[in-house]
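Here are my comments on the model, as promised. Please read them with the coordinates open.

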Amino acid sequence: MKKLLSLSLAIVMMLSCVLVQTVVVNAAIITYTVTFDSDGGSAVASQAIEEGKTATKPNDPTKAGYTFAGWYNGDTEFVFNTPITDNITLKAKWTINLYTLTWNVNGGNDLTGTYTSGSVEFGAIITKPTDPTRDEYKFIGWHDGTEIVT
C-alpha cells in the first residue's frame, strides 16, 4: 500500500510539472500596433507594443510651413505613459506657420495700390504693391533675401 501511495504521489507530481510547463509554453505574448499618421508630414515608423506596455514617443515629424503640435487619438492628445491595450492610430496635429510680410522700397516712393502686408499664413497668395519708383533707378523686382521674386 505504501509503495502504491508513493508511486501515485510521484505520478501526480510529474503530471503537475508537465501541466505547469504546458501552461507556460502555451502562454502567448499579445502585441498591438501603434501606427503614426503624420497627416502629410515626414514618415514615422509604427511600433509593436506588448499588451499593457507603453509606446515610445517618436521624434517629431516635419511638414513644410507647419509646426508639429502633438499626437492625437481622436480629439484627445495622446499621453505616452498610457498602457497599450489595442491597436491604435495616432494622428499628427499641425499648426500653420505665420510669417510677417513687409515691403522695403529701399529709398523709393511710398507704396501704392492694394497689397498684402502684416501676418500671412504659409502658402497664402499675396498681392504685391504697385512697383515703386526711384530717381535714376530701374525697379527689377522684389527680393526675399535669397532671390528676386516676381
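The points below cover confidence, the core, the aromatic pairs and the charged side chains.

1. Confidence. This is a predicted model. The chain averages a pLDDT of 85, and 82% of the residues score at least 70. Residues 17-23 are the stretch to flag: the pLDDT there is below 50. Beyond near neighbours in sequence, that stretch has zero contacts in the model. Where pLDDT is low, the predicted coordinates should not be read in detail.

2. Core. The largest nonpolar core has 15 residues. Those touching the most other members are Val34, Phe36, Trp71, Phe80, Ile84 and Leu90. Strands E1 (31-37), E3 (66-73) and E5 (88-96) each supply at least two residues. E5 gives the largest share, with four.

3. Leu90. What does Leu90 contact, once neighbours within four places in sequence are left aside? The list runs through Val34, Thr35, Phe36 and Asp37, then Trp71, Tyr72 and Asn73, and ends with Phe78 and Phe80.

4. Aromatic pairs. The count comes to seven. In one of them, Tyr66 and Phe122 have ring centres 6.1 Å apart. Their planes lie at 65°, so the pair is edge-to-face. This pair links distant parts of the chain, 56 residues apart. Tyr66 belongs to strand E3, while Phe122 is in the loop between strand E7 (118-121) and strand E8 (142-143).

5. Phe139 and Trp142 have ring centres 5.2 Å apart, and the angle of their planes is 65°. Phe139 is partly exposed, at 26%.

6. Ring cluster. Ring pairs join Phe36, Phe68, Trp71 and Trp94 into a cluster.

7. Charges over rings. The charged end of Lys63 sits over the ring of Tyr66, 4.6 Å from its centre. Tyr66 is also the partner of Phe122 in the edge-to-face pair above. The charged end of Arg134 sits over the ring of Tyr137, with 4.1 Å to the centre.

8. Salt bridge. How many salt bridges does a search of the whole structure find? One. Asp60 forms a salt bridge with Lys57, and the closest N and O atoms are 2.8 Å apart. Asp60 is partly exposed, at 44% relative accessibility. Lys57 is partly exposed too, at 47%.

Terms used
Residues numbered from 1 in each chain as written. Predicted model: local features only at pLDDT ≥ 70, side-chain atom pairs only at ≥ 80, totals over all residues. Heavy atoms only, no water. pLDDT = per-residue confidence, 0-100. Contact = heavy atoms within 4.5 Å. Salt bridge = Lys/Arg side-chain N within 4 Å of Asp/Glu carboxyl O. Buried < 20%, exposed > 50% of the residue type's maximum accessible area, 1.4 Å probe, protein only. Core = buried A, V, L, I, M, F, W, Y, C linked by side-chain atoms within 4.5 Å. Phe/Tyr/Trp six-rings, centres within 6.5 Å; stacked < 30°, edge-to-face > 60°. Lys NZ or Arg CZ within 6 Å of the ring centre and 35° of its normal.
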